[in-house]
Amino acid sequence: MMPLFAVICRDKPGALDIRMATRDAHLAHIRDSGIVTYAGPFLQDGQMCGSLVVLDTTDLAAAQAWADADPYKAANLFASVEVIEWKKVVG
């Protein structure tokens, strides 16, 4: 089993329109990469405000490359992005 990496992204305030306009391309990136184990948006007051994506890939560099290629990043949606190794314990 390859290591897992969490990609933790926080949207810029007031950027929901950017997220919605880019969402289909982001979901295609998730689908087409073949390394996404879990993914979903963070919510605040019922509105999407960030993302958590768990990747099953070879190393931190590969996980960072995936995050760098995310259409959301190209659209300048995020205020911050963190890529960190993650260990699944439960579930």
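## Thr22 and its contacts

Leaving aside neighbours within four places in sequence, Thr22 is in contact with Pro71, Tyr72 and Ala75, where contact means heavy atoms within 4.5 Å. Thr22 is found in helix H1. Helices (H or I, at least four residues) and strands (E, at least two) are DSSP runs, numbered from the N terminus. At 12% relative accessibility, Thr22 counts as buried; buried means under 20% relative accessible area, exposed over 50%, and partly exposed in between (1.4 Å probe, protein chains only). The C-alpha atoms of Thr22 and Thr58 are separated by 27 Å, and these residues are 36 residues apart along the chain.

This is a predicted model, in which local features need pLDDT of at least 70 and side-chain atom pairs count only at pLDDT 80 or more, while totals for chains, interfaces and linings use all residues. Residues are numbered from 1 along each chain as its sequence is written, and side-chain values use heavy atoms, with hydrogens and water left out.

## Helix H1

Helix H1 comprises residues 16-33, and its 18 residues should span 26 Å at 1.5 Å a residue; the end C-alpha atoms are 24 Å apart, which agrees. The expected span of a helix is 1.5 Å times one less than its number of residues. H1 has a kink of about 55°, centred on Arg23. The bend at a residue is the angle between axes fitted to the seven residues ending there and the seven starting there.

The buried residues of H1 are Arg19, Thr22, His26, Ala28, His29 and Ile30. They pack against strands E1 (4-11), E2, E3 (47-56) and E4, and against helices H2 (60-68) and H3 (71-74). After H1 comes Gly34, whose phi is positive, near 75°.

Ala63, Trp66 and Ala67 are buried in H2. Seen down the axis of H2, the buried residues fall within an arc of 100°, so they line one face of the helix; the arc is that of the directions from the helix axis to the C-beta atoms. An α-helix has 3.6 residues a turn, so residues three or four places apart point the same way. The partners against which the buried residues of H2 pack are E1, H1, E2, E3, H3 and E4.

Thr57 has its place in the loop between E3 and H2. Thr57 is buried, with a relative accessible area of 7%. Not counting residues up to four places away in sequence, Thr57 touches Met2, Pro3, Phe5, Ile35, Ala62 and Ala63.

## Aromatic rings

How many aromatic pairs does a search of the whole structure find? The search finds two. Rings of Phe, Tyr and Trp (its six-membered ring) pair if their centres lie within 6.5 Å; planes under 30 degrees apart count as stacked, over 60 as edge-to-face and the rest as tilted. Tyr38 and Trp86 form an edge-to-face pair, with 6.4 Å centre to centre and 85° between the planes. This pair links distant parts of the chain: Tyr38 is in strand E2 (residues 36-44) and Trp86 is in strand E4 (residues 78-86), 48 residues apart. Tyr38 is partly exposed, with a relative accessible area of 38%, and Trp86 is partly exposed at 34%.

Tyr72 and Phe78 also form an edge-to-face aromatic pair, 5.9 Å centre to centre with 85° between the planes. Tyr72 is buried, with a relative accessible area of 0%; Phe78 is buried, with a value of 11%.

Most residues other than glycine have a negative phi, and most peptide bonds are trans. Asp45, a residue other than glycine, has a positive phi near 55°. Asp45 lies in the loop between E2 and E3 and is exposed, with a relative accessible area of 77%. Asn76 has a positive phi of about 65° although it is not a glycine. Asn76 has its place in the loop between H3 and E4 and is partly exposed, with a relative accessible area of 45%.

Gln44 is found in strand E2. Gln44 counts as exposed, at 54% relative accessibility. Gln44 and Glu85 are 41 residues apart along the chain, and their C-alpha atoms are separated by 25 Å.
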